[in-house]
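The following note sets out some points for a colleague who wishes to look through this model. Each point may be read beside the sequence and the structure.

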Amino acid sequence: MALEPLFLDSGLAYSQSVQFLRSVQPYLPAVLVGAWVLSCLYSVFLHPLRNIPGPYLAKFTEAWRTYKYARGKWHEDILTLHRKYDFMFFHSIDTTEHAFLRKRVSAAFSMSTVLSLEPEIQEVQDAVWAQLDNAAHNGRQVDMHEWASYFAFDVVGKLALGAPIGFVKQATDVMDIIKSIHIGFYQMGNVGYIPGQMLWVYNPITQFIQSLLSSDFAKFHMWNREQLAKRLAEPAEERATRKRDMLDHFISMKEPDGSPATQGSILIEGGNIIGAGADTTSIGIRTVLAQLVLHQEDYLRVQKEVDQAYAQRTAEDAGKRLQYLATEKLPYLTACVKEALRLHPSIVWQLPREAPANGIEIAGHYVPPSATISMSPLAQNRDRGVFGPSADEWRPARWMPAQGSTDAEIKQMEKYNVTFGYGPRVCVGKNLATVEIYKFIADFVHRYNARFGNPYRPYVVKSQWFSYQADMFLQLELRDTVSKQA
Ligand code: HEM
């Protein structure tokens with residue numbers, strides 16, 4: 001390939017530069033190959049982490065990891081690697097900026113805020129039931145890849161962006177938001193961990209081309225801004241009589257200098273939630289549902305528990321849906337939720353951390369300062385040292401005191417179950433996700449009997465940072481008890 005300048009200039013300097021480039025051009029390939037060989041030699045013989053066991057090719061090039069990521073089968077690859085090399089570690093650090101950002105949103109994610117918004121979550125859930133009831137009446141199969149996503153995306157819209165985006169009502173991926181987020185995660189997941197690589201994706205030229213191709217996402221940004229503008233313009237008397245939601249919490253945040261949060265900061269928090277809190281939760285819902293539908297005896301046992309809880313509602317709660325605080329007391333539902341989320345955590349790629357300033361010794365290996373070390377929640381959650389020889393198996397009873405495990409064993413498993421991460425960066429939305437999952441599953445099994453549309457291929461799993469289930473078709477039967485109650 002000839003090296004020709006893109007912009008013409010005149011004079012001696014220009015012709016000298018061209019001459020220089022022409023003179024070095026024949027040596028460039030050799031220089032690049034030489035640099036690569038040197039870096040390989042350094043990795044194999046001198047790098048401080050050279051003795052850590054792992055695939056040989058990965059010592060030489062990050063392309064090995066990119067290739068594996070791009071296949072979308074990391075949920076299988078990571079387990080194979082851990083079984084082979086039996087090595088895992090992680091360590092967490094915190095930074096002042098992260099601590100500040102985290103503290104200023106903590107009230108928005110507290111359990112009391114989430115529970116105060118339970119009726120709003122229920123409203124979205126009831127809209128889902130209306131759609132699924134309809135499908136059940138007509139004998140139509142439902143794809144839970146879609147419906148769990150529509151539910152979770154509308155919940156974050158309603159609670160944190162100012163209004164439900166309309167997925168459930170319109171029964172579609174409005175403005176292609178879900179599709180665009182998945183494309184974004186695929187791109188970031190595959191190249192985002194390599195310094196500088198995201199420039200191929202996020203530079204003004206590709207961004208411009210992308211905006212032409214998916215103007216829908218630009219529409220979503222516009223919609224998001226409009227909701228915020230509406231909220232900011234809301235008369236004070238109206239605000240005083242309305243329930244405070246997550247968006248209100250974000251609006252009342254402060255910047256580090258004590259000034260009110262800028263619109264940019266508020267929009268970023270909303271963006272974080274839609275990126276981090278919708279897919280993860282819908283995967284969690286599908287994970288629990290999938291295990292229950294696969295194990296019908298467990299489905300029936302949870303159903304019986306929920307039916308009883310419905311029957312025992314107080315006179316004050318009669319006619320209302322089961323509240324989260326009642327569902328979290330149901331022992332078998334709780335065991336099934338914990339076990340399903342352990343076996344299939346929504347995020348299966350590595351959670352990165354920096355080694356501390358003095359380095360750290362882990363499992364006999366010295367890790368130098370600032371090295372990035374990371375661990376997949378999936379691999380950790382299958383650690384036989386913690387979960388025993390049945391670590392890969394579905395065994396909800398392991399979470400039940402005096403039935404499957406002792407109290408001390410359960411405490412130990414809770415500590416090392418990292419579905420929601422670990423340490424100062426542990427998932428900030430865990431309360432919201434937990435409430436959504438318990439409520440959704442409890443009402444679902446109370447309302448329907450369910451079978452896979454295709455028992456020979458119940459669903460497929462794809463990994464792209466998240467590990468999500470697709471083509472999860474269910475045949476639903478509306479239960480008599482519910483049609484009578486309706
Ligand atoms: C089943 C559902 C969910 C799962 C499995 C999950 C999992 C995780 C994990 C593994 C992390 C990284 C933690 C670490 O590095 O140690 C994380 C971080 C985060 N999650 Fe979640 N998440 C879920 C739901 C949510 C929801 C509903 C929200 C918000 C509404 C949310 C917002 C966030 C945010 C903002 C972070 C970054 C926290 C930080 O860096 O301080 N997540 N989540």
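**Notes on the predicted model**

1. M175 is buried, its relative accessible area being 18%; the threshold for that class is under 20%. M175 is not a glycine, yet its phi is positive, at about 50°. The residue sits in the loop between α10 (167-170) and α11 (177-191).

2. Most residues other than glycine have a negative phi. A402 is found in the loop between α22 (384-387) and α23 (407-416). With a relative accessibility of 79%, A402 is classed as exposed, because the class begins over 50%.

3. Which residues come nearest to the ligand? Of the 23 residues around the ligand, these are H98, R102, R353, Y422 and C427. The shell comprises twelve nonpolar, eight polar and three charged residues.

4. Polar atoms of the ligand may be examined one by one. An N or O atom in the side chain of R353 lies 2.6 Å from an oxygen atom of the ligand. An oxygen atom of the ligand is also 2.9 Å from a backbone N or O atom of Y422. At A276, a polar backbone atom is 3.4 Å from a nitrogen atom of the ligand. Two or more residues of the shell are given by each of α6 (96-109), α16 (263-277), α17 (279-294), β2 (351-354) and α24 (430-447).

5. Helix α17 also holds L289. L289 has a relative accessible area of 0% and is therefore buried. Its C-alpha atom is 9.8 Å from that of I437, although 148 residues separate L289 and I437 along the chain.

6. The model has 23 salt bridges in total. One of them joins K243 to E120, with 3.1 Å between the closest N and O atoms. K243 lies in the loop between α14 (236-241) and α15 (246-251), and E120 in helix α8 (residues 118-137); the two are 123 residues apart, and the pair links distant parts of the chain. K243 is partly exposed, at a relative accessible area of 35%.

7. D307 and R479 form a salt bridge in which the closest N and O atoms are 2.8 Å apart. Because D307 belongs to helix α18 (residues 296-311) and R479 to the loop between β9 (473-478) and α25 (480-485), this pair ties together parts that are 172 residues apart in sequence. D307 is partly exposed, with 21% relative accessible area, whereas R479 is buried at 13%.

8. A further salt bridge connects the side chains of R384 and D392, at 3.3 Å from N to O. R384 is partly exposed, with a relative accessible area of 43%, and D392 is partly exposed at 35%. Elsewhere, a network of salt bridges links R231, E234, R239, R242, D245 and D248.

9. What kind of patch do V33, W36, V37, L38, L41, Y42, F45 and L46 form on the surface? The patch is nonpolar, and these residues together have about 850 Å² of accessible area. L41 is located in helix α2 (residues 28-46). L41 is counted as partly exposed because its relative accessibility is 43%.

Note on methods
Residues are numbered from 1 along each chain as its sequence is written. This is a predicted model: local features need pLDDT of at least 70, side-chain atom pairs count only at pLDDT 80 or more; totals for chains, interfaces and linings use all residues. Side-chain values use heavy atoms; hydrogens and water are left out. Patches are made of residues with over 30% relative accessible area and no salt bridge: like charges are joined within 9 Å, nonpolar side chains (Val, Leu, Ile, Met, Phe, Trp, Tyr) within 5 Å. Accessible areas come from the Shrake-Rupley method with a 1.4 Å probe; for residues, only the protein chains shown count as cover. A salt bridge is a side-chain nitrogen of Lys or Arg within 4 Å of a carboxyl oxygen of Asp or Glu. Helices (H or I, at least four residues) and strands (E, at least two) are DSSP runs, numbered from the N terminus. Buried means under 20% relative accessible area, exposed over 50%, partly exposed in between (1.4 Å probe, protein chains only). A residue is near a molecule or strand if one of its heavy atoms lies within 4 Å of it. A polar contact is a pair of N or O atoms within 3.5 Å; within protein, one must be able to donate a hydrogen and the other to accept it, and residues adjacent in sequence count only if both atoms are side-chain atoms. Ala, Val, Leu, Ile, Met, Phe, Trp, Tyr, Cys and Pro count as nonpolar, Asp, Glu, Lys and Arg as charged, and the others, Gly among them, as polar.
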